[in-house]
Amino acid sequence: MNPQANSSSRIRDVIKNGALTSIAVAAVAVSLPLAAHHSFSAEFDATKEIKATGSLTKLDWQNPHGWLHITVSEICERTGTRGPNNPNAAEEEWKCRSPAGDEKGADWAFEIGSPNGLMRQGWTRNSLKAGDVVTVQGSRARDGSTNSNARSVTTADGKRLFAGSSQDSTP
């Protein structure tokens, strides 16, 4: 038996196994962000608008969506708002209240766009800082939790930022 032939056969096997392993790892890595992504209507209800004011505790600058974490001091809600699917709906007045029960002191999380999308809208990692008072307008989560999808963010000095919402309509 030729030792040189046996050695080259083992090298080919190692290269082949390495290539197959690399392809498998790449396939899994590419599919992870897809599994994490969702449609707007699967998680949020466009007919349940929310406007929340509070102090920013954290800005998660991550893919596929960033998140604003806020300690909310005032929550305003309304339903039956006008939109592409309901153009003749009457605009209800905002009903505002202080957070109560499980909501009081809770970390309210508002989904915003991806970092790349936000940067195209003029955002930077430093657009908002912990402690900033902001008003976020968007749509409530279908499960009634303290999660929402943000359409716009207004700072205390009145600057309005588009939040890169995954909802069809823009502010």
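This is a predicted model: local features need pLDDT of at least 70, side-chain atom pairs count only at pLDDT 80 or more; totals for chains, interfaces and linings use all residues.

I begin with Lys-58, which forms a salt bridge with Asp-60, their closest N and O atoms being 3.9 Å apart. By salt bridge I mean a side-chain nitrogen of Lys or Arg within 4 Å of a carboxyl oxygen of Asp or Glu. Lys-58 counts as partly exposed because its relative accessibility is 43%, whereas Asp-60, with a relative accessible area of 18%, is buried. The terms are these: buried means under 20% relative accessible area, exposed over 50%, and partly exposed in between, with a 1.4 Å probe and protein chains only.

Residues are numbered from 1 along each chain as its sequence is written, and side-chain values use heavy atoms, with hydrogens and water left out.

How many salt bridges does a search of the whole structure find? The search finds seven. In one of them, the side chains of Arg-78 and Glu-49 meet at 2.9 Å, N to O. This pair links distant parts of the chain, since Arg-78 lies in strand E2 and Glu-49 in strand E1, 29 residues apart. Both partners are buried, Arg-78 at 13% relative accessibility and Glu-49 at 6%. Another salt bridge brings together the side chains of Lys-95 and Glu-92 (3.7 Å, N to O). Lys-95 is exposed at 57% relative accessibility, and Glu-92 is partly exposed at 30%. Salt bridges with shared partners also join Glu-49, Arg-78 and Arg-151 into one network.

Let me turn to the overall fold. The protein has three helices and seven strands, arranged along the sequence as α-α-β-β-β-β-α-β-β-β. Helices (H or I, at least four residues) and strands (E, at least two) are DSSP runs, numbered from the N terminus. Of the 171 residues, 33% count as buried.

Which strand is largely enclosed by the rest of the structure? It is E4, residues 107-112, because five of its six residues are buried. Strand E2, residues 66-79, runs antiparallel to E4 and is joined to it by six bridges; here Leu-68 stands opposite Phe-110. E4 also pairs in the parallel sense with strand E6, residues 147-155, over three bridges, and there Glu-111 has Asn-149 as its bridge partner. Strands are said to pair if DSSP finds at least two bridges between them.

The largest nonpolar core has 22 residues, and those with the most contacts inside it include Leu-68, Phe-110, Trp-123 and Val-153. The elements giving two or more residues to this core are E1 (44-60), E2, E4, E5 (133-141) and E6. Such a core is a set of buried Ala, Val, Leu, Ile, Met, Phe, Trp, Tyr and Cys residues joined through side-chain atoms within 4.5 Å. Beyond its neighbours within four places in sequence, Trp-123 is in contact (heavy atoms within 4.5 Å) with residues including Trp-61, Ile-112 and Phe-162.

Finally, a cis peptide bond, with omega of about 5°, joins Asn-63 and Pro-64. Pro-64 is found in the loop between E1 and E2.
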